[in-house]
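Please look over the sequence and the fold shown here before reading on.

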Amino acid sequence: MKMTAAALSAYGPPEVLRPMELAVPEPGPGEVRVRVRAAGVQPFDLRVREGWTPPGAERGFPLVPGNEFAGVVDRIGERVADFAVGDEVLGYGLLGGYAQYVAVPAEQLVHKPGAMPWTVAGGFSGNGQGAHLALSQLRVGPGDTVLIGAAAGALGTFSVQLARAWGATTVIGTASERNHDHLRALGAIPVTYGEGLVERIRAVAPDGVDAALDAAGPEGLRAAVAVTKDRRRVVTMVATEEAARLGLPEWGGTRSAARLAELTALYEKGAVDVLLRAEFALERAADAHRLVATGHGRGKVVLTVD
C-alpha cells in the first residue's frame, strides 16, 4: 500500500517539504496504526526541516515531520488491548505525523472526545503537553499569580487556560495590543510588550508574581525574572541561552498519555480549548511552515488530511 505524505528529501527552506508517495507503515508489537485526519504544525517541525534531529530519532530520507496528530485506528499490532479498529484517537510521536497513516506505540495515544473537532484534536497534544509540563514544573496552583510571556500564541493561549483551570487567581499575559481582547476573553490581564514592561507588570501585580512562563524571548525572560518572587519558578520555552546565563532551571519533562488524558478531560469540561489560526491541506505543508515561521498571529496551525 502507498500513502501521501508531506516529506523531505533534503534539509532546507519550506519548499523542500513536498508531497511524496511512500509506503504505508505497518504497526509492530504494541503499536497502533492511525489513519490521520489532522496534524498540528509546530516550531519543533521547522527545526526538523532545517536539519535538527530530535533525540531518539533516526536521520535519513525521505523524512516525514509532524509530532502530533489525530485520526482513526486503522490496524493494531500484537499486545494492544486498549484500542480497537475504528477508535477515534489523538496522540504524539517524534516524526511521521504529516501523512495519511502513522504508526506509534499505543501508549502515545488517547481516545478523542466525541465532540472535539478533528482540527482541534490534531493540534491538541503539542501545546497542551508543553503547557502542562511547564506549569507542572512551576508548581502552578490555587491562589497563584502567574505571568505568561507571548500569551496570545498557541502555547501561551493554552498556558493561560491551563493556569486558570489549575486555580491561578491572576494570570498576566504579555501580548501586542491587537491581542488584548483575546487574552481578556481567556481570563487573563493583558500587558503590552516593549520598553516599560516590568513597570506595567508591577502595576498589575505590585507584590510580584509567583510563577512565570516565558515564550517570548530574552527580553521577556529578563522581565519575568525581575517580577517573580522566586526565580526557581521561572522557565522559558525559547530563550535557553539567556536562561543559562541567568542561572534559571532548565525546562524539561516527558510527554505522556496520562498528561494528554488529563488535558482531554479538561477539554470535555470546557476548561481548555485550541484556538485555530489556520488550516492547510497536507499538500500545502510548506505554506503552513512559512506561516508558523513568521512568529505572528495567534492560535494553532494544522494540516488536514483527506
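**A strand and the cavities**

With 3 residues, strand β11 gives the most to the lining of the second largest cavity. This is a predicted model, in which local features need pLDDT of at least 70 and side-chain atom pairs count only at pLDDT 80 or more, while totals for chains, interfaces and linings use all residues. Residues are numbered from 1 along each chain as its sequence is written, and side-chain values use heavy atoms, with hydrogens and water left out.

- Helices (H or I, at least four residues) and strands (E, at least two) are DSSP runs, numbered from the N terminus.
- In β11 (residues 211-214), Ala 211 and Leu 213 point one way and Ala 212 and Asp 214 the other way, and all are buried, meaning under 20% relative accessible area with a 1.4 Å probe and protein chains only.
- In a regular strand the side chains alternate between the two faces of the sheet.
- Strand β8 (residues 145-148) runs parallel to β11 and is joined to it by 3 bridges, where two strands pair if DSSP finds at least two bridges between them; Val 146 stands opposite Ala 211.
- Strand β12 (residues 234-236) also runs parallel to β11, again with 3 bridges, and here Ala 212 stands opposite Val 234.
- A right-handed β-α-β unit is made by β11, helix α7 (residues 218-227) and β12; right-handed means that, with the strands pointing away from the viewer, the path from the first strand over the helix to the second runs clockwise.

**The second largest cavity**

- A cavity is a set of points, on a 1 Å grid over the protein atoms alone, where a 1.4 Å probe fits but cannot get out, and its lining residues have an atom within 4 Å of a point.
- The second largest cavity holds about 50 Å³ of space, and β11 and α7 each supply at least two residues of its lining.
- Among the residues that line the second largest cavity are Ala 212, Leu 213 and Asp 214, together with Gly 220 and Ala 224.
- The lining of the second largest cavity has 5 nonpolar, 3 polar and 1 charged residues.

**The largest cavity**

- The count comes to 3 cavities of 30 Å³ or more, and about 60 Å³ of space lies in the largest.
- Helix α4 (residues 154-165) provides the largest share of the lining of the largest cavity, 3 residues, and the whole lining includes Ala 154, Thr 157, Phe 158, Asp 273 and Lys 300.

Technical notes: Buried < 20%, exposed > 50% of the residue type's maximum accessible area, 1.4 Å probe, protein only. 1 Å grid on protein atoms, 1.4 Å probe; cavity = no way out; pocket = protein on both sides within 12 Å on 5 of 7 lines; lining within 4 Å. Points joined across faces, edges and corners; volume = space filled by probe spheres on them. Nonpolar A, V, L, I, M, F, W, Y, C, P; charged D, E, K, R; others polar.
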